[in-house]
Amino acid sequence: MSILFLVLSISLVVWLTAKVKMHAFIALLLVAIIFGLVSGMPFDQIISSINKGFGNTMAGIGLIIIFGVIIGAFLENTGGAYALADKVLNLTGKRKTPLAMGLIGWIISIPVFADSGFMLMSPLNKSLAKKAGITLTATTIALAMGLMASHTLVPPTPGPIAAAHFLNANLGWVMLIGIPASLFGLTMVLIFIKIYVSKTYIDPNPKLNESDIELKLKTSPSASKSVLPIIVPIVLIVLKSALTLFKPITENSEIIPFWYKTIVFLGEPFIALIIGCIFAILLPKKLDREIFSTTGWIGKALVSASSILLITGAGGIFGQVLRDSGVVKILGDSMSSMNMGLFMPFLLASAIKTAQGSSTVALITTASIVAPMLMSLGFESEIDKALVVLSIGAGSSVASHANDSFFWVVTGMSNMESKLGYKFHTMGSLILGVSVILFLAILRLLIN
């Protein structure tokens, strides 16, 4: 009965968010309370689980999400994102414009949400396709899948950050494996684009004048300066993870070298993101008070962060209620004998993503369900936990279609009929997710 209640609860979350269009925070909180009641949890235990789940989640990743969103706001508003895009294009050459747009999307979506990243890069995407004399479908799908690849697989994007928190996974390992895994998936999509998508021609006909793009590039910070808010936090977090694999004697803290403690401190994710914010603040040519006001860049960024914070917190509540009810132990024991490995969290995330549309909701919901089962499913090492996070991320990209706002952003801003959207964008997201999970499964076999 407990497992039946769990299945019905997940279905209710999907129905409320996809059909009723209820905000995911309300849906997750409401379903968590209902599940607690029908599974027989005492009233005081339900209240305790809600408080604990929300509080622990916000304490673990709230600041990381906030600082990540602030970095994205500065890259958008200063034109730093354009500078990075222009640099990538110069490296790849105009004849490889789809490759350039895929890499641009992959870089931009690490700190910037996929929807915002596509809208930000869409004028440049059309302009580059026009210059290269190629179909807009090729560059559009490359940009969209590049954005989705890092959006679902590379921290400090909120979804992977939240999943890593719920699974107590090391962010450094998630980044170290997530970067090549996401780039492998993107490579498979680029092959799909070359073989299939590029055969259908759509005239780019960019609405943004070339002079407007040139003006944006003239006033933007340099690419080397613009990449620092992204790359510095990643390097610090990865460096901390690498160092902690070789811990010095910890019985006496005085023995630990000061440089070691310093790097571990700077590599703490929210500290690393604060350092990234400092580099982001250096991007504008002139700092204005308005930037820091409630109606300025930071104020608007914090407003945009509030929704993801609420959804993430509600995911924490749902997961804590599931833990305290005991249902996850029952489910874990029953599934451990099925030997599905990484494909179990992948398929669960895929089902939730396909049903309700949001990759972030799929990541958070799946992670909150899977987290208590890790031991019984055989995922015990730090690398195993990171692989589970990424398998969920891979599943959360399968498959983007009509119930996903990103689908309509991509098709609407590229003059692509929905029929073509299903053939190119939806299929592209399926190829991305399946390629990544196969990469992860092979990697785990090699490691073990």
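I began with helix 15, which gives the most to the lining of the largest pocket, with seven residues. For helices I took DSSP runs of H or I, at least four residues, numbered from the N terminus.

The model is predicted: local features need pLDDT of at least 70, side-chain atom pairs count only at pLDDT 80 or more, and totals for chains, interfaces and linings use all residues. Residues are numbered from 1 along each chain as its sequence is written, and side-chain values use heavy atoms, with hydrogens and water left out.

I looked up the term pocket: on a 1 Å grid over the protein atoms alone, it is an open set of points where a 1.4 Å probe fits, with protein on both sides within 12 Å along at least five of seven lines, and lining residues have an atom within 4 Å of a point. Its volume is the space filled by probe spheres set on the points, which are joined across faces, edges and corners.

The largest pocket has a volume of about 1000 Å³. I found 37 residues in its lining, and Phe 113, Asp 115, Ser 307, Thr 360 and Ser 405 are the closest to its centre. Helix 6 (114-132) and helix 21 (405-413) are among those that each supply at least two lining residues.

Next I read the second largest pocket, with a volume of about 440 Å³. Of its 22 lining residues, the closest to the centre are Ala 169, Leu 171, Lys 240, Glu 268 and Pro 269. Helix 3 gives the most to this lining, with six residues.
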